[in-house]
Amino acid sequence: MTTKEIAQQVNLSLTSVYERIKRLEREGVIKKYVALVEAEKVGKGLIVFFDIILKEHPKEIGHQFGQDIMSSKYVCECYNISGDYDFRLKVMVSDMKHYQDFVLNDLGSIKNIGSAHSTFVMGVIKHDYAVPI
């Protein structure tokens with residue numbers, strides 16, 4: 001929404017809304033602005049979730065795993081999780097051949113992965129970027 005549209009919706013002046021947005025940016029509440037891209041239209045229509053178990057759990061190994069994941073251009077999201085797995089990754093690739101390349105070359109080059117379980121997305125029911133407030 002534009003600043004004008006927000007101002008009309010919340011019944012405040014343009015200046016008030018602008019200043020509040022700037023304050024939220026300074027305080028880090030608003031981290032950045034992004035373009036939402038249709039994945040299939042840019043050749044990244046295959047979504048795969050990976051559940052990862054590390055062989056060992058020293059702090060240095062977990063930290064190194066995080067650095068390795070940050071350098072992968074195909075990993076869109078990475079979560080350190082509780083339960084049976086250590087990490088959950090969301091990976092977006094073009095097709096099964098690209099998936100195989102990612103597994104063998106990207107994931108395969110990361111040390112201390114004990115196992116990786118992949119789940120393929122057949123369809124998206126709900127996908128929202130908004131944080132519930």
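A salt bridge is a side-chain nitrogen of Lys or Arg lying within 4 Å of a carboxyl oxygen of Asp or Glu. This report describes a predicted model, in which local features need pLDDT of at least 70 and side-chain atom pairs count only at pLDDT 80 or more, while totals for chains, interfaces and linings use all residues. Residues are numbered from 1 along each chain as its sequence is written, and side-chain values use heavy atoms, with hydrogens and water left out.

## Salt bridges

Side chains of opposite charge can pair when their charged atoms come close. The structure holds four salt bridges, and the table lists three of them, including the pair of Lys90 and Glu77.

| Pair | N to O distance |
|---|---|
| Glu27 and Arg23 | 3.6 Å |
| Asp51 and Arg88 | 2.6 Å |
| Lys90 and Glu77 | 3.6 Å |

Helices (H or I, at least four residues) and strands (E, at least two) are DSSP runs, numbered from the N terminus. Lys90 and Glu77 meet in a salt bridge; because Lys90 lies in strand β3 and Glu77 in strand β2, this pair ties together parts that are 13 residues apart in sequence. Asp51 and Arg88 form a salt bridge that links distant parts of the chain, with Asp51 in strand β1 and Arg88 in strand β3, 37 residues apart.

The partners can also be described by how much of their surface is accessible. Buried means under 20% relative accessible area, exposed means over 50%, and partly exposed lies in between, with a 1.4 Å probe and protein chains only. Lys90 has a relative accessible area of 10% and is therefore buried, whereas Glu77, at 28%, is partly exposed. Asp51 is buried, with a value of 8%, and Arg88 is partly exposed, with 35%. In the remaining pair of the table, Glu27 counts as exposed at 52%, and Arg23 counts as partly exposed at 39%.

Leaving aside neighbours within four places in sequence, Asp86 is in contact (heavy atoms within 4.5 Å) with residues including Ile52, Leu54, His57 and Tyr79.

## The nonpolar core

A nonpolar core is a set of buried Ala, Val, Leu, Ile, Met, Phe, Trp, Tyr and Cys residues joined through side-chain atoms within 4.5 Å. The largest one has 19 residues, of which Phe50, Ile52, Phe65, Leu89, Val91, Phe102 and Leu107 touch the most other members. At least two residues of this core come from each of β1 (46-54), α3 (59-70), β3 and α4. With five residues, β1 gives the most. Beyond its neighbours within four places in sequence, Val91 is in contact with Phe50 and Phe102, among others.

## Cysteines

A disulfide is a covalent bond between the sulfur atoms of two cysteines. Here the rule is a pair of cysteine sulfur atoms within 2.5 Å, and the count comes to zero disulfides. Cys76 is partly exposed at 43% relative accessibility, and Cys78 is partly exposed at 34%.

Most residues other than glycine have a negative phi, and most peptide bonds are trans. Asn11 has a positive phi of about 60 degrees although it is not a glycine, and Asn112 has a positive phi of about 70 degrees. Asn11 is placed in the loop between α1 (3-10) and α2 (14-26), and at 71% relative accessibility it counts as exposed. Asn112 is found in the loop between α4 (96-106) and β4 (113-120) and is partly exposed at 22%.

Gln64 lies in helix α3, and a polar contact of 2.8 Å joins its side chain to that of Asp68. The C-alpha atoms of Gln64 and Asn11 are separated by 49 Å, and the two residues are 53 residues apart along the chain.

Notes
A polar contact is a pair of N or O atoms within 3.5 Å; within protein, one must be able to donate a hydrogen and the other to accept it, and residues adjacent in sequence count only if both atoms are side-chain atoms.
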